[in-house]
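The sequence and model are shown first.

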Amino acid sequence: MHCSVEESCGTNHLSNGLLLRADLHSLLDLGLLAIDPESITVILSPKLANNSYGEFHGRQIMIPSAIEFRPSTALLLELREKAGL
């Protein structure tokens with residue numbers, strides 16, 4: 001089951017989960033950070049390129065090997081599109 005941002009599947013559904021530091025999660029919520037669903041790499045807003053967050057751009061994140069525990073590709077894509085990244 002995959003949920004869009006607008007759907008009410010509940011935030012505790014496994015496919016909605018990304019374990020991020022609080023500051024990185026805030027950047028994701030603000031649309032300043034996204035995850036490319038194909039390469040599973042971090043995409044940063046150009047606004048953050050010249051500060052300490054710049055080191056995260058292009059880094060691949062670790063995801064669970066079990067498919068059922070991975071974040072939803074559709075949701076990651078939707079968040080990326082909403083951020084315009």
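In this predicted model, strand E2 covers residues 41-44. Thr41 and Ile43 point one way from E2, while Val42 and Leu44 point the other way. All of these residues are buried.

Strand E1, residues 33-36, pairs with E2 in the antiparallel sense over 4 bridges. Within this pairing, Ala34 has Ile43 of E2 as its bridge partner. E1 and E2 form a hairpin with 4 residues between the strands. In this hairpin Ile40 takes a positive phi near 55 degrees.

**Thr41**

Thr41 belongs to strand E2. Is Thr41 buried or exposed? Its relative accessible area is 17%, and because the limit for buried is under 20%, Thr41 counts as buried. The side chain of Thr41 makes a polar contact with the side chain of Ser39 at 2.7 Å. Leaving aside residues up to four places away in sequence, Thr41 touches Ala34, Ile35 and Asp36, and also Gly58, Arg59 and Gln60.

**Asp29**

Asp29 is in helix H1, which spans residues 22-29. The relative accessible area of Asp29 is 57%; since exposed means over 50%, Asp29 is classed as exposed.

**Distances between C-alpha atoms**

| Pair | Separation in sequence | C-alpha to C-alpha distance |
|---|---|---|
| Asp29 and Leu79 | 50 residues | 8.7 Å |
| Thr41 and Met62 | 21 residues | 9.2 Å |

**The chain as a whole**

How many helices and strands does the chain have? The secondary structure comes to 2 helices and 2 strands, and along the sequence these follow the pattern α-β-β-α. The chain has 85 residues, and 32% of them are buried. Among contacts with a separation of 6 or more, 48% are between residues 24 or more positions apart. The accessible surface of the chain is about 5700 Å². Carbon and sulfur atoms account for 56% of that surface.

**Confidence**

The average pLDDT of the chain is 83, and 80% of the residues score at least 70. Over residues 4-9, however, the pLDDT is below 50. Beyond near neighbours in sequence, this stretch has 11 contacts in the model.

Note on methods. Residues numbered from 1 in each chain as written. Heavy atoms only, no water. Buried < 20%, exposed > 50% of the residue type's maximum accessible area, 1.4 Å probe, protein only. Contact = heavy atoms within 4.5 Å. Areas by Shrake-Rupley, 256 points an atom, 1.4 Å probe, with all protein chains shown as cover. Pairing = 2+ DSSP bridges. pLDDT = per-residue confidence, 0-100. Polar contact = N/O pair within 3.5 Å; in protein donor to acceptor, adjacent residues only side chain to side chain.
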